[in-house]
Amino acid sequence: MVGILIDVTKCTGCEKCVEACVEANHIDPVAAAGDRATSKDGLSANLLCALESVHGRYVRKACMHCNEPSCAAACPVGALVKTRLGPVEYDRSKCIGCRYCMLACPYEIPRYEWDRTMPYVRKCTLCFDRLKEGKRPACVDACPHEVLTFGDRASLLRKAHALIRDNPRRYLPRVWGESSWGGASVLYVSDVDLTAAGWPPESRAAIPSITDPIIRKTPVIGLTVGFGLWAAMAVIRRRRKLMGGGNESETNEHGEDEGG
């Protein structure tokens with residue numbers, strides 16, 4: 001499984017990675033520039049990669065390509081899938097626009113094309129099409145300062161820990177994306193706390209592992225509730241029928257008495 005290791009200490013904020021992402025995804029640069037000026041965190045349907053300023057550092061923000069993606073677990077039609085290669089791929093032909101993926105993502109990454117007549121969800125795909133051709137993601141190729149390292153995730157993890165071990169004064173003793181929320185294909189080493197960039201509180205468990213037991217019970221719960229409602233309605237109808245029949249009999253008897 002492949003991934004990207006990002007060294008926050010090397011980034012100068014040149015945004016070459018952002019420009020390469022816009023070009024690789026065939027996004028209108030004018031629309032991207034407009035969104036950059038209005039988006040809170042830089043991400044939008046026209047900006048799938050952005051840089052955030054955190055404690056004097058620039059932090060690249062995009063899809064983490066989680067090992068156990070909550071977006072894929074939440075999608076009812078399988079429009080989002082974790083591929084064997086690593087990226088979480090999105091199939092727009094299956095998407096029904098429910099936006100459950102946006103609610104499920106702990107990193108709040110997926111964005112919606114609110115201004116389009118036929119809107120879709122947009123997010124970084126780790127340039128999956130380029131990977132299938134044997135190429136690296138566009139952002140990796142564009143970075144002039146070797147902030148981004150592409151390769152096998154296991155190798156990247158070893159490199160990240162080696163950097164921290166050999167440079168304890170330069171890096172915080174943590175690899176972001178290693179295990180939190182089930183781990184991810186995108187990893188970070190940094191000298192500043194990335195929670196300020198919108199990272200959720202650390203969790204040892206992935207969201208799907210928490211929600212799966214509930215989701216699996218949902219059909220049983222739904223059928224039980226449905227049967228309970230049907231039974232209640234049947235009882236109510238039976239009572240109304242009996243009450244209606246009784247009133248009718250009383251009326252008939254009363255009528256006969258008057259006629260006599």
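**Entry 1: confidence**

I looked up the pLDDT, the predictor's confidence in each residue from 0 to 100, and found a mean of 86 for the protein, with 83% of its residues at 70 or more. This is a predicted model, in which local features need pLDDT of at least 70 and side-chain atom pairs count only at pLDDT 80 or more, while totals for chains, interfaces and linings use all residues. Residues are numbered from 1 along each chain as its sequence is written, and side-chain values use heavy atoms, with hydrogens and water left out.

**Entry 2: overall make-up**

I counted secondary structure as DSSP runs numbered from the N terminus, with helices (H or I) of at least four residues and strands (E) of at least two, and the protein comes to eight helices and nine strands. Buried residues, meaning those under 20% relative accessible area, as against exposed over 50% and partly exposed in between (1.4 Å probe, protein chains only), make up 41% of the 260 residues. Among contacts between residues at least 6 apart in sequence, 59% join residues at least 24 apart. The accessible surface, by the Shrake-Rupley method with a 1.4 Å probe and, for residues, only the protein chains shown as cover, comes to about 15100 Å², and 55% of that belongs to carbon and sulfur atoms.

**Entry 3: nonpolar cores**

I took a nonpolar core to be a set of buried Ala, Val, Leu, Ile, Met, Phe, Trp, Tyr and Cys residues joined through side-chain atoms within 4.5 Å. The largest one has 44 residues, of which Val59, Met64, Tyr107, Leu148, Tyr188, Leu194 and Trp199 touch the most other members. Two or more residues of this core come from each of strand S1 (2-7), helix H1 (16-24), strand S2 (50-54), H5, helix H6 (138-142) and S9, and H1 gives the most, with four residues. Apart from this core lies another, of 11 residues, among them Cys71, Ala79, Val88 and Val121.

**Entry 4: aromatic rings**

I paired rings of Phe, Tyr and Trp (its six-membered ring) if their centres lie within 6.5 Å, calling planes under 30 degrees apart stacked, over 60 edge-to-face and the rest tilted. By this rule I get three aromatic pairs. The rings of Tyr107 and Trp199 have centres 6.2 Å apart and planes at 80 degrees, so this pair is edge-to-face. Tyr107 lies in the loop between helix H4 (100-104) and strand S6 (111-112), and Trp199 in the loop between strand S9 (186-189) and helix H8 (207-259), so the pair ties together parts that are 92 residues apart in sequence. Tyr107 is buried at 5% relative accessibility, and Trp199 is buried at 9%.

Tyr188 and Trp199 also pair edge-to-face, at 5.1 Å centre to centre with 85 degrees between the planes. Tyr188 is in strand S9 and Trp199 in the loop between S9 and H8, 11 residues apart; Tyr188 is buried, with a relative accessible area of 1%. I therefore record Tyr107, Tyr188 and Trp199 as one aromatic cluster.

**Entry 5: charges over rings and positive phi**

I counted a charge as sitting over a ring if NZ of Lys or CZ of Arg is within 6 Å of the ring centre and within 35 degrees of the ring normal. Arg92 lies over the face of Tyr120, at 3.8 Å from the ring centre, and the charged end of Arg99 sits over the ring of Tyr112, 4.8 Å from its centre.

Most residues other than glycine have a negative phi. Arg99, however, has a positive phi of about 65 degrees; this residue is in the loop between strand S5 (88-90) and H4 and is partly exposed at 30% relative accessibility. Leu126 has a positive phi of about 60 degrees and is placed in the loop between strand S7 (121-122) and helix H5 (128-132), where Leu126 counts as buried at 2% relative accessibility.

Note on methods
Contact means heavy atoms within 4.5 Å.
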